[in-house]
Amino acid sequence: MKRYSQNIWKAASVICSVAFLLMSCSKDFLEKRPLASVDATNFFRSASDLRIFVNGFYPRLAPQYNTQGGTGTVTGGNSNLALDANSDVMIVQTTITNNLYRWGVASVAAETNSNWNNGYSAIRSDNYFLYYANLNAEKSAAANHYLGEGYFFRAWDYFKLLKEFGGVPLITQLLTDSDVDKLFAPRASREDVAKQIISDLDSAISRLYWKGEGEAATAGRINKESALALKARVALYEGTWEYYHSKKGTPFAVGGKTGVDFLNLVAPAVETIMTRQGTKLYTAGGDKTIAYNQLFAQKDASNIDGVFLYKVYDASKLTLSHNFFFKILDSGPSITDHLTDIYLNIDGTPQSIAGAYTKSLDELGATLDPRFRQTIWNPSRGPLNQLPGRGGDGDPFRYPVIASQAPYTSIGFTSTGYRNFKGAVLAQEATRGETDDILIRYEEALLNFAEAKAILGTLTQGDIDRSVNVIRARVGMSPMSITAGTGFTYKEEYGFELTALPIVNEVRRERMVELALEGFRLDDLKRWAVFDKVINGYQPKGAKLQEWLDYFNRTPAQVTLDNGTDAALYSQIRKDGYRKNEFKLTVDGNVSAFPSGRMNPWFNLVDFKPGGRGLFIEPARDYLSAVPMQEVKLYQANKATLSQNPGWN
């Protein structure tokens, strides 16, 4: 395996590189120590040695914030990483989502894939660490904890490969270029890869401290809770993949496997967390109107209930930090109807969506699950630049900008009208961001627990009360009952399972709402075996266009009144402080709508006009990426075989 065998590390250079990295990272990992002349035989002995080395693995965990660079502005190439962008629930302005628009795409595998290469590079370093740490390290609880972190990272790295490629070659030993038979081992089944991940997580769990204790008292460090939660995540992922792909007979089914063995691992892992965590979640001091939203805007997650693993940033040690501050600006990522439409009314009944779309954003915010208003911007919050703590940042409108028009081209636009508001940073930290990046939290584990038990048919009302209803209570959403969903109509196009019991779909809906925009969407669609059902033919839709036309477009007579002195006659946009008349929306010019009245963000493309083909992925191919041909050829050159994924040549 080329990327595994190339450049076998020299310990001194690796460790020094790690130490250098740490000087510019987080506020709690900054122990510096001279490493003038070290190698694997005299390093990896003390807990401090292990900590210094494993600290270098932590940058792999940060998925959400870009580190600032360049101009440090939205248009300077520093837009936030919208984790569900380029899925069905979030698009980017008017740019077609290429990974979901694959009409006529040839089934020819790419020569290389950086995710494969980087994955095995990371695993090589994991194996290096685990080999020498197991061989040399002192027998102490502190050293044992850092060894547990090493197992966690190897599980994390193999899980990323599993999700993209399915079964991959399993290498868990420290190899050299002479280990040809092991370097060119055939692909293990996805079942065996998942079992190895679970085994590594069990090794981590047995060694790690709980959050706040021992070595895990350091802010941002991996802990026992995060390993247990990741075990539940992996077990649910593989269990449901095998369960649904087997039931539907897809090319991605695992022969003779139903996923039940993995599904049975979920509840015990989560119940171990429950025993310690109970019902404790972040509640913002009991303020149900911000508890969900502000969970993702914490500068210190070390004492936030339910936050298990998070990335720490210290702007005082960085010239430019992250830019999460910009997340709620109209900088590109645009939420679609596939998220907004699945929210329940606050009483637990489904929305009525048929024919002409009449609901305003504020009406939805007042009547739907409270997490809607805490996830999606509502105009009743007032102009963006008047938000508390933002220092005048943002445009002067209470509605998102939905089209690029001078002089507001620099701030971008939200093409569906649905602007993200989740995790709004209500403080001035534009390029000096210190908001912690939440990676693993309790709510996900609780939902994994409920989903696994619902599929297995063992979910009870008591189980719902200690999982889903704990989550709902902190925002004031009506509790779920075991009979939830009875009589509801489910549509596969949103990601629901037509043959499942209603409670399975309601737990699935809860996951869509609670974990919205956190990067789970495409993985979920693939493991549920509904990826093609959701994507194929889909034309993203936005909010009610007329609401924006009424706000932004004024008659000449109204402009005259707005330039007058009688405030009682002002339009809403004038009351919001906008005095000019330079911004105008033109139907079928810079904006357009479907016959239902909902915005059509991609109206200039034939496939996304009414009657057009919409998005498309190849059902027998695009659930997994191709194994890169460079690796296939390398195996062939060494008289070995690396098999290709279904549908790829």
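Student: Is phenylalanine 552 buried or exposed, given its 1% relative accessibility?
Tutor: This is a predicted model, with local features needing pLDDT of at least 70 and side-chain atom pairs pLDDT 80 or more, while totals for chains, interfaces and linings use all residues. Residues count from 1 along each chain as its sequence is written, and side-chain values use heavy atoms, without hydrogens or water. Buried means under 20% relative accessible area, exposed over 50%, partly exposed in between (1.4 Å probe, protein chains only). At 1%, phenylalanine 552 therefore counts as buried.

Student: How many aromatic pairs does a search of the whole structure find?
Tutor: Rings of Phe, Tyr and Trp (its six-membered ring) pair if their centres lie within 6.5 Å; planes under 30 degrees apart are stacked, over 60 edge-to-face, the rest tilted. Searching the whole structure gives 42.

Student: What angle separates the planes of tryptophan 241 and tyrosine 623?
Tutor: Their centres are 6.4 Å apart. The pair is edge-to-face, with a plane angle of 85°.

Student: How many residues apart in sequence are the parts this pair ties together?
Tutor: Tryptophan 241 lies in helix H8 (residues 224–248); helices are DSSP runs (H or I, at least four residues), strands (E, at least two), numbered from the N terminus. Tyrosine 623 sits in the loop between H22 (572–575) and H23 (629–637), so the separation is 382 residues.

Student: Which phenylalanine pairs with phenylalanine 552?
Tutor: The pair is tilted, at 4.9 Å and 40°. The partner is phenylalanine 583.
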